[in-house]
Amino acid sequence: MTMLAVVGVLVVIAGGLGAVSLFQGPRISQVKVDPAEAIQVSGSRVILTANQSLQQIDESQVTVEPAVPFTVDAAGRSIGIRFTVPLDDATDYTVSVAGVTGEGGGPASDLRTSFSTPASEVFLLNRSDEDDSIFRTDLSGEKAVPVFTHARINDYRATATSLVVAVEDDDGSRVLVMDHQGEHVHELTLPGDGYVSSVQVSDRGGLVGYIYSDRTITEDSGRASVLVTQLLSGDDEPRIVEVGGEEASIAEWQFVPDSAAVLFIDFAGTLSLDDRSGDAGAQNMGIAMRLLGVSRGTYTAIVERADQSIVELNLADGAETPLEASDPDYGPATTISPFPGGTLRHIVARDESGLPTGQAMIRVDDDGAAEPIIEVPAGNAILQACPSPSGQYAAVTIAPNLVDNAYDDMLVPLPTTLETHLIDLRSGEELVALTGFDVSWCQMAPAF
């Protein structure tokens, strides 16, 4: 009798749970999201797993608040929401899926989850008469701590988990890879004894790239300004980019964000695209004078063609459209830095004789609306502007008082006194001015 009673109770419980499930509709059983990754790169995902297989989910059923572009990939019990641009820091996000029904039918339900992104931290390079240091800091500048120190730091870049640092020794350059605490250091094998500049990283591709030149170059031997890529892990040999089967000297280059592709202009003025994850080689993209930037999440580059026109170039199909002037029109830009939602444009004002009278960094929305975010008078110079991954902030590096601001003696010389202004692009307010330069939001180091 006791056994029969237990079985009866279990039958009642099972029936009750089945009824509850029948009347409630699908529910969330698991959520996967990496908020720290989401503020750094495009393509991060929220994955909702339901307690039962679901009928087809349409993108129109999904909303994200605050609004951000996304795509949806759903199958079985899982709904994946992929953010096509990085998210803002220190922000609460809610993801909702309306009218979800089980594969076998039954009532519909709404699935909802929330998560919070962390506050941003950045790295910053500070050179001095003694040792150079890379610092990690919050956006207030009040919690700066040194993570790596060396007598001569020429360049560095940061990935989600690593720092890649190019240092200068008596015998040339070395490239070191370490964690964010400056520990667990390993050295990459270079193509030879020489010098490294223009270090960049592809977080998605797991690659580091740099411009390399041999220490000794003659008319008949030596490599000058070749583009090299290799794995951050150091588990491969350095690969030199070739054009037409020959190693090419490169004038400027960039990794295409969220990919393993490099976009570069060689000394002949040819713009090429080379996906380093495959063996297809360099693809000719026409003649270009300057490579101004590559947008995150869109596979679109901004380049200056030989006729001095500025165009937006679709790297997937080669289509291009003129870059629209801003409203109001502040004139031609010396540099353009794209971010999700717009561009930052460096404008130099000149008098009738062509002499500079001041400089400004202009924020231009995708609809063309423009406003200055920082202005500097004559005698000072803006070296670089780097938007944060989502376009929430900008870091503007300024060389003050150029008359008395001597250059250092590094491989790529820069003024010895540099300051970086962090600006909230949503409000236009300046957050803080920091001593140092080359904020880790930048794809490459400044040049002057």
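Which residue stands opposite V167 in β13? In this model, R174 takes that place. The model is predicted, with local features requiring pLDDT of at least 70 and side-chain atom pairs pLDDT 80 or more, while totals for chains, interfaces and linings use all residues. Residues are numbered from 1 along each chain as its sequence is written, and side-chain values use heavy atoms, without hydrogens and water.

**View 1. An open antiparallel sheet of four strands, ordered β11-β12-β13-β14.** Its edge strands, each pairing on one side only, are β11 (153-158) and β14 (186-187). Strands β12 (residues 162-169) and β13 (residues 172-179) are joined by eight bridges. Strands are DSSP runs (E, at least two residues), numbered from the N terminus; two of them pair if DSSP finds at least two bridges between them.

**View 2. A salt bridge between R174 and E187.** The closest N and O atoms are 3.3 Å apart; a salt bridge is a side-chain nitrogen of Lys or Arg within 4 Å of a carboxyl oxygen of Asp or Glu. R174 belongs to strand β13 and E187 to strand β14, 13 residues apart. Relative accessible area is 27% for R174, which is partly exposed, and 44% for E187, also partly exposed. Buried means under 20%, exposed over 50%, and partly exposed in between (1.4 Å probe, protein chains only).

**View 3. A salt bridge between R127 and D408.** The N to O distance is 2.9 Å. R127 lies in the loop between β8 (121-126) and β9 (132-138), D408 in the loop between β33 (393-399) and β34 (419-424), 281 residues apart. Both residues are buried.
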